[in-house]
Amino acid sequence: MKVKLSFLALLAVALIVLFLFIHLGPNWDYALPRRLKKVLAIAITGGAIAYATLIFQTITNNRILTPSVIGLDSLYMLIQTFVIYVFGSMSLPSTNKQLNFFITVGLMIAFVGVLYKLLFKREGRNLYFLLLIGLVLGTLFGSMSTFMQVLIDPNEFLIVQGRMFASFNNVNTDLLVISIIIIALVAAYSTRLGKYLDVMSLGKEHAVNLGIPYDYIVKRMLVIVAILIAVSTALVGPITFLGLLVVNVAYQFMRTYRHSILIPGAILISIIALVGGQLIVERVFAFETTVSVIINFIGGAYFLYLLLREKKA
Amino acid sequence: MIEVRNVSKAYGGKPVIEEVSVGIKKGKITSFIGPNGAGKSTLLSMISRLLTKDSGQVLIEGKELSDWKSKDLAKKISILKQSNHINLRLTVRELVSFGRFPYSQGKLTKEDWEQVDEAIAYMDLVDLQGKYLDELSGGQNQRAFIAMVIAQNTEYILLDEPLNNLDMKHSVQIMKVLRRLVEELGKTVILVIHDINFASCYSDYIVALKNGKIVKEGSTETIIDSAILKEIYDMDIPIEIINGNRIGIYFS
Amino acid sequence: MKLWYLLVVLIVLSITSLFIGVKDISPLDLFSLTEAQQQVLMISRFPRLISIILAGFGMSITGLIMQQLSRNKFVSPTTGGTDDSARLGILVALMVFPSASTIEKMLLAFAFALAGTFLFMKILDRIKFKDTIFIPLVGLMFGNVISSVTTFFAYKNDLIQNISSWLQGSFSLVMSGRYELLYVSIPLLVLAYLYANKFTIAGLGQEFSANLGMNHKLVVNIGLVIVALVSVVVILTVGTLPFLGLIIPNIVTLYMGDNLKKNLAHTAVVGAIFVLVCDIIGRLIIFPYEIPIGLTIGVIGSVIFLYLLMRRKAYEG
């Protein structure tokens, strides 16, 4: 295990170094800080998404789910489309990145809060039920966004389209710092619950039998997941299938059920995928497409593979 | 001592358990029997806090279930449900080690591992302990889960149809282990069981449920009786005494 | 509720629908129509009415078939990947054969929709965990995956806004010359009616059907072909009508029970009534503009779907 983790860490570092110094050129004092910022954004969002997805899969006891099914990605798109449709691309909520960030994160967390409140009011709800409701709401948000997108002037639409896909190229420095602080705080808080994760993966009944305050933990964990996903989405944009991809690769590669190993593994794999992806995007495709589009594509295909691989019972 | 007082549970307005009260004696095997849909498993789940009750009380050592800290309760009472599909790839030994979680919160001490080894030996799983659960047969799987419960080392052990899907040999093997747990280690075992003859041969006390209510309870000798079984199952079951056990002949 | 009453409601609504629109035509004008009024009726209003009714019939029946085949009340073209696959097909048609005729586009989209639905059924077959709630969850995620593929190609070709307008169901562009494709669905719906009982049996599984001496594969395939073809025809002419195939059969079962043969006609008529009502609402709310039907149905449909879900849980605890 240690060997595998060190291997991943080395690979991640190597890719980061390559990313920072390849074709650096004479203007390194300008380019290097920019690249550093980009790598930092990748590491923080990649890490947050991998961590959130792993926890999410553990509490839902299912390896083919990803937290974006609760409708956060669609809500993000709805907010962005709405702002541009109603106020225009030159308005304050659209141009002021800080304002936009806080509105988005605030609304997303409020949404999840309402969703949880509604569904945990009656105990004993099936967790999948919550997810399905979220997903249906996501579809609803989606059709509302589509409605506005069709009406938007094509030039303005380009701005909406730019926000449909995660991009690490123009991350605002202040927001990066804020995001790092939020994510670090949430992650630090969640370590208190970390010891329960292995047992939670046995399923609800075994977990309760072994004395875990199941509902309490699930609620806390879901809130943590929502915050992590909301912050990383608001920072760079939606990368729906990244988590699904890296967590499953982590399971395959690490071959263990222990979260103390899976968590760092998944985070490292996520960073490797994103930095590697970004390198390919910049050096091979020369910016023609964005990493998130590629990751979604690969992640989605992998998801189908996972579904079809499940053998008949 | 576990005491159930006026416990009720309804699903969508339909009562499954109505005002049930029952006391469970320490150091004995108590079997819940009754026809399908009688509410046996529901009652067992409520006693073990897997299901919340709509009303009534469950007292464990005189303290209401909801006043216990879940962590402390896990050292007092353990439950094993009948379907135990786990999504993880675990070895038998890893699974059994989860039973020590209430004591060690995941960081197992040397003493914890000793308990794990004992539980594995108790269930005769030493040769299989390195195997993955998905490589085992149904009976071996069931033994592994029971070993986990034994490692949990609780005073009360609740089992929901532990013989489900097992052949005769493995059924007898498991019932014998439960008997040993009671006699050698002084545990209290409560189980839901379908076969009245297994209940008759191995339990001390029987509680019969029907339509969400207790119709009869008492020592095994009093319950395994043609007139009483008629009331529970609506069928004529003559009783024969074979090797000192009361056996119901219900096949014809 | 008798089918008879439903038909009366449908007819009343249909007549209402004919007389709503920017161009003012009242029932009193019927016998003294001006040339212009006649034209509006023939070119726009009638085609619109017919396409609404056909789309309502088509989508609700395909939903019913999918639910029978998968034996899950929450499966439909929206929650089974059919809609998304058809859209991917349309995109491929736009990209690879920009000059293709509508029929060619339809065939390509049909191939994709069929493959997608088939794949979904395959997944259902393989999945171990058959929770009623989990299956539509898988279906919707499957749909998301397919649309991420669509996005991938659309992004590379700057077709995203274009695709979005395909995605949006709307009757406002329906006029004579652009909706006739929908007639393709009529023979398919007749076929569905003839096969109704067989779909129910097929839903019970391969072994069960074989036991009753039925060719399971054939029946399932016929069902899937009907589903895919009708969905594609509706998407191409009208656009996506999300959740329609999901909620209508469920509403009908609420008061009719589960007998497919008996329900089929009810489902079709209720579907048409529902689409008509949504369309009329969409046309009146911001008159003289209109809200596209995709949005109205999306909003009303998802609310009803949520209600159905909640209701189910209330029963099962």
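Two strands are taken to pair if DSSP finds at least two bridges between them, and strands themselves are DSSP runs (E, at least two residues), just as helices are DSSP runs (H or I, at least four residues), both numbered from the N terminus. The model is predicted, so local features need pLDDT of at least 70 and side-chain atom pairs count only at pLDDT 80 or more, whereas totals for chains, interfaces and linings use all residues. Residues are numbered from 1 along each chain as its sequence is written, chains are lettered from A and ligands numbered from 1 in the order in which they are written, and side-chain values use heavy atoms, with hydrogens and water left out.

**First stop: the sheet of chain B**

Select strand E1 (residues 2-11) of chain B together with E2(B), which pair in the antiparallel sense over seven bridges. Within this pair, display Val7(B) and look across to Val20(B) in E2(B), which stands opposite. Widening the selection brings in an open sheet of four strands in chain B, ordered E2-E1-E4-E5 and paired antiparallel. Its edge strands are E2 (14-24) and E5 (63-64) of chain B, each of which pairs on one side only.

**Second stop: the two domains of chain B**

Colour chain B by domain, with domain 1 as 2-76 + 154-248 and domain 2 as 85-153, bounds that come from an automatic or database domain assignment. The centres of domain 1 and domain 2 of chain B, taken over C-alpha atoms, are 25 Å apart. Between them, 18 residues of domain 1 of chain B are in contact with 15 residues of domain 2 of chain B, contact meaning heavy atoms within 4.5 Å. The area buried between these two domains of chain B is about 1,400 Å², with 64% from carbon and sulfur atoms; buried area is the accessible area (1.4 Å probe) that two parts lose on being put together, summed over both.

Show chains C and A together, where 43 residues of chain C are in contact with 49 residues of chain A. The area buried between them is about 4,400 Å², of which carbon and sulfur atoms give 78%. In chain C, pick out Met141(C), Tyr155(C) and Gln161(C), which lose the most area to chain A, together 16% of what that side buries. Helices H4 (102-126), H5 (134-156), H6 (160-167) and H12 (293-316) of chain C each supply at least two residues of the side that touches chain A, and H5(C) gives the most, with 14 residues.

**Last stop: chain A against chain B**

Finally, turn to chain A and chain B, where 18 residues of chain A are in contact with 27 residues of chain B. These two chains bury about 2,000 Å² between them, 60% of it on carbon and sulfur atoms. Select Asn209(A), Leu210(A) and Tyr257(A), which supply 32% of the area that chain A buries against chain B, more than any other three residues.
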